[in-house]
There are 2 protein chains.
Amino acid sequence: MEVGSGLPRDCVTPIMQRMRAAILAVGTELLGPDRLESNSLLLAQTLRRYGVNLRRKSIVGDVVGDISRELNTLLREVDLVLICGGLGPTADDVTREGVATAVDRELFEDAEQLEVLKRKFARFGMPMADTNLKQAEVIEGARVLPNPRGSAPGMVLEVDGKVLFLFPGVPKELGGLMRSELEPWLEEKTQGEAVETRVLRVACVGESTLEERILSAYEEFGREAISVLASAGEIQVRLTASGQLRERTPRLDSMIQRLRDLIGDSVYSEEPEGSLEKVVGGLLVSRGKTVVTAESCTGGLIAQRLTAVAGSSAYFLGGVVTYADPLKVQLLDVPPAALEQHGAVSPEVVSRMAAGAQKSLGADYALAVSGIAGPGGGTANKPVGLVYVGLAGEGDPRVEELRLPGDRDRVRWMASQWSLDLLRRELLQFDRDSELVLNASEGGVE
Amino acid sequence: MEVGSGLPRDCVTPIMQRMRAAILAVGTELLGPDRLESNSLLLAQTLRRYGVNLRRKSIVGDVVGDISRELNTLLREVDLVLICGGLGPTADDVTREGVATAVDRELFEDAEQLEVLKRKFARFGMPMADTNLKQAEVIEGARVLPNPRGSAPGMVLEVDGKVLFLFPGVPKELGGLMRSELEPWLEEKTQGEAVETRVLRVACVGESTLEERILSAYEEFGREAISVLASAGEIQVRLTASGQLRERTPRLDSMIQRLRDLIGDSVYSEEPEGSLEKVVGGLLVSRGKTVVTAESCTGGLIAQRLTAVAGSSAYFLGGVVTYADPLKVQLLDVPPAALEQHGAVSPEVVSRMAAGAQKSLGADYALAVSGIAGPGGGTANKPVGLVYVGLAGEGDPRVEELRLPGDRDRVRWMASQWSLDLLRRELLQFDRDSELVLNASEGGVE
């Protein structure tokens with residue numbers, strides 16, 4: 001099995017590498033065939049950031065005995081246990097009881113907590129049911145963690161030098177308590193040391209091309225500091241540094257600078273959640289330009305991605321999906337002779353589609369796509385995965401040929417990715433010529 | 001916490017309800033922040049089908065001591081342990097060693113297994129590295145489970161009356177072994193008894209409306225036999241029966257029949273993976289009809305969904321995304337006066353958009369949508385979530401008003417769902433009038 005993606009095992013801070021942690025998720029629904037436990041990803045991220053060694057995850061149902069037995073096992077093996085779920089008001093919510101049993105302590109109704117709970121219900125004008133009373137129960141010796149996002153508070157307690165956190169299972173509430181309680185606690189324990197990761201997002205470059213380009217950065221910063229995660233039409237380059245803030249920040253800054261120099265404008269974002277359509281939208285807004293689309297094999301996917309961004313009506317005027325050839329003639333003025341001579345999947349037709357859309361829909365830029373998404377429709381000369389993307393702007397339209405691997409969904413997705421990136425580069429006046437040599441051949445071999 | 005979605009806890013077969021199981025997933029990458037363990041969903045599904053009581057899941061890294069300690073704990077608590085991952089050829093793959101240590105048995109190189117392995121590599125013309133030799137190692141007393149999809153075989157062994165299965169972590173290989181080995185084993189243990197689930201998929205009906213309609217089925221078949229899972233614009237009604245095949249089948253058949261009678265043609269599919277766009281495509285093909293789209297707020301999403309289906313060029317001619325109002329006039333012949341008087345988000349304009357698309361793009365049917373997807377653009381009279389969907393076919397276009405809850409993505413998705421269902425009902429000549437009363441008011445309260 002591969003070692004954890006993202007960060008190698010040994011990349012932990014000196015102070016924390018001896019702290020061992022476990023996550024215990026509680027909830028019968030997490031043992032069914034429909035629901036995956038996913039809170040632990042968030043917790044694992046935070047633990048990794050502080051260099052804590054996560055040893056195991058366990059999932060048990062809402063059963064007092066199962067919770068307490070598992071917790072006893074964990075307390076023998078690790079130093080920190082993060083428990084999530086089962087703190088609600090219903091009879092099923094027995095995590096408090098399970099933990100109290102495991103550590104052999106009493107559960108008591110906390111007067112202060114009861115007041116907090118009553119005030120919360122009063123504020124929302126809701127009557128408080130008796131079942132909610134159990135949410136005011138606190139384990140002997142535990143500190144209550146205020147949860148402004150919900151009715152169930154968290155708790156933290158120490159048992160024989162081991163530390164247990166109890167978090168609600170609702171992701172929003174868990175995330176809030178993680179930030180307000182767990183992170184400051186870890187911050188204190190690590191005395192400011194942490195593992196920090198930044199991301200460069202790169203579109204439409206092959207993984208091997210990218211690896212080749214950044215070789216010198218591997219040598220300069222070390223293999224373990226840089227990791228490359230590839231998915232369809234997109235690569236994330238993750239840069240990692242550990243230590244105190246004053247050491248990490250300049251190191252990450254210089255890594256970012258160096259990698260940007262090496263990769264160039266193929267980097268489209270440093271935002272972990274930044275999408276290509278958002279970046280393209282931002283560039284169009286800043287330049288006061290508009291765009292339209294003319295799609296065949298992508299069937300509306302590019303328009304749909306552009307309009308998924310709130311505020312896109314400022315730069316997206318509209319588009320056409322010309323699946324049937326007569327519509328390419330009627331809506332985009334593609335000459336019937338071009339369709340007959342070259343076929344719908346050809347640079348000539350895509351160039352005409354882009355020019356036609358730009359003119360008839362009246363925008364600064366027009367993106368056009370035609371290709372064979374599969375599974376049917378391929379021939380020896382024009383196989384499944386052959387796609388032409390075109391862009392009309394100033395001057396003649398430019399067209400690129402792609403040979404995309406994968407199934408229908410993947411071909412369509414990558415074609416949309418490539419089209420958006422074509423526009424992004426045009427807007428940046430990015431010199432494509434040198435790029436093209438590196439990229440064009442790799443569409444098909446990624 | 002809610003009880004397991006899908007099937008209530010007590011719905012288990014009489015024979016198996018005493019068999020307790022656990023899943024142990026092995027892999028250091030499953031403890032990182034990027035990857036969720038997901039094999040267990042497949043296994044949980046199978047266990048539930050045979051009425052086995054899944055008590056817990058554990059995830060540990062590729063560490064011999066961690067695997068063996070956890071397995072020892074599990075062997076004290078359950079009767080059946082399903083282990084996945086860590087059977088590969090690299091030094092990291094130590095599940096075999098971990099299990100052998102836990103049950104205190106030897107690992108030996110199995111001559112027959114070695115031959116199988118050599119033949120596999122020879123067949124693909126690949127040299128076999130020495131590291132692959134460990135994949136021929138078998139735990140004393142275990143039976144080897146042939147894995148034609150990969151190089152790592154599975155194993156099954158009995159220890160003091162408890163049964164352990166070892167599966168590879170690659171989902172395709174795990175799925176294969178589950179079908180070829182685990183299911184027959186469970187089949188034998190249960191003597192043919194199983195829990196079987198069938199699904200009715202329902203689009204664009206509110207959850208409470210549906211619940212009301214099927215009340216009599218709850219009474220007839222019991223609450224635990226029917227469960228309702230709602231997501232955006234879609235409800236799954238799951239019907240469950242247990243027992244021998246000869247008992248289950250007629251019971252499920254009569255439940256399906258009864259629920260179809262109660263819900264009517266709002267049921268669009270009995271396929272667990274059936275999508276509305278596939279169903280609509282099938283209906284269009286069988287009737288030899290074509291469709292086009294005219295989208296505003298959905299921005300191409302409906303066209304994109306229709307064309308996501310392979311072979312959609314047989315019935316989807318094309319569409320327009322008219323985000324800017326002048327394009328509604330230019331491409332769809334919407335009268336400027338209608339836009340001025342009623343605004344782009346109005347039944348009048350959507351009706352004109354549908355009629356215009358049908359005529360100018362030349363199809364049997366045209367779907368049109370205009371609405372306010374948000375987050376901006378709402379007013380007191382026309383709030384975010386107000387959407388009109390229209391369909392032009394024979395006679396005058398019909399338009400429906402929706403008031404959809406949720407964020408931009410959800411509003412757009414539900415509008416596309418409603419549009420596709422509008423066409424489905426038209427194609428079925430489904431009497432909408434009685435439906436409308438039940439549905440229209442619920443768009444906004446789901």
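Which strands of chain B does helix α13 (residues 347–361) of chain B lie across?

## Helix α13 of chain B

In this predicted model, helix α13(B) lies across β13 (291–295), β14, β15, β16 and β17 of chain B. Its direction is at about 145 degrees to that of β15(B).

## The sheet of 10 strands

The strands named above belong to an open sheet of 10 strands with mixed pairing. Its order is β17(A)-β16(A)-β15(A)-β13(A)-β14(A)-β14(B)-β13(B)-β15(B)-β16(B)-β17(B). At the edges stand β17 (398–403) of chain A and β17 (398–403) of chain B; each has a single partner strand, so one side of each is left without a neighbour in the sheet. From one strand to the next, the twist averages 15 degrees.

Within chain B, β15 (residues 365–371) and β16 (residues 386–392) run antiparallel and are joined by 6 bridges. Ala368(B) has Gly390(B) of β16(B) standing opposite. Helix α11 (residues 325–332) of chain A also packs on this sheet, where it touches β13 (291–295) and β14 (316–322) of chain A as well as β14 (316–322) of chain B. The direction of α11(A) makes about 145 degrees with that of β14(A).

## The sheet of 12 strands

Another open sheet has 12 strands, again with mixed pairing. The order is β6(A)-β7(A)-β8(A)-β3(A)-β1(A)-β2(A)-β2(B)-β1(B)-β3(B)-β8(B)-β7(B)-β6(B). The edge strands are β6 (143–145) of chain A and β6 (143–145) of chain B, each of which pairs on one side only. Here the twist from one strand to the next averages 15 degrees.

In chain B, strands β1 (residues 20–26) and β2 (residues 53–60) run parallel, with 7 bridges between them. Val26(B) has Val60(B) in β2(B) as its bridge partner.

## Relation of the two chains

How many degrees of rotation superpose chain A on chain B? The rotation is 180 degrees, with 0.3 Å of shift along its axis, and the RMSD is 0.3 Å. The two copies are thus related as by a two-fold rotation axis. The same surface serves both copies, since 100% of the contact residues of chain A recur in chain B.

Technical notes
Residues numbered from 1 in each chain as written. Chains lettered and ligands numbered in written order. Predicted model: local features only at pLDDT ≥ 70, side-chain atom pairs only at ≥ 80, totals over all residues. Pairing = 2+ DSSP bridges. Helix = DSSP H or I, 4+ residues; strand = E, 2+ residues; numbered from the N terminus. Axes fitted to C-alpha atoms, helices over the stretch in contact; angles between N-to-C directions. Contact = placed C-beta atoms within 7 Å. Least-squares fit on C-alpha atoms with pLDDT ≥ 70 in both.
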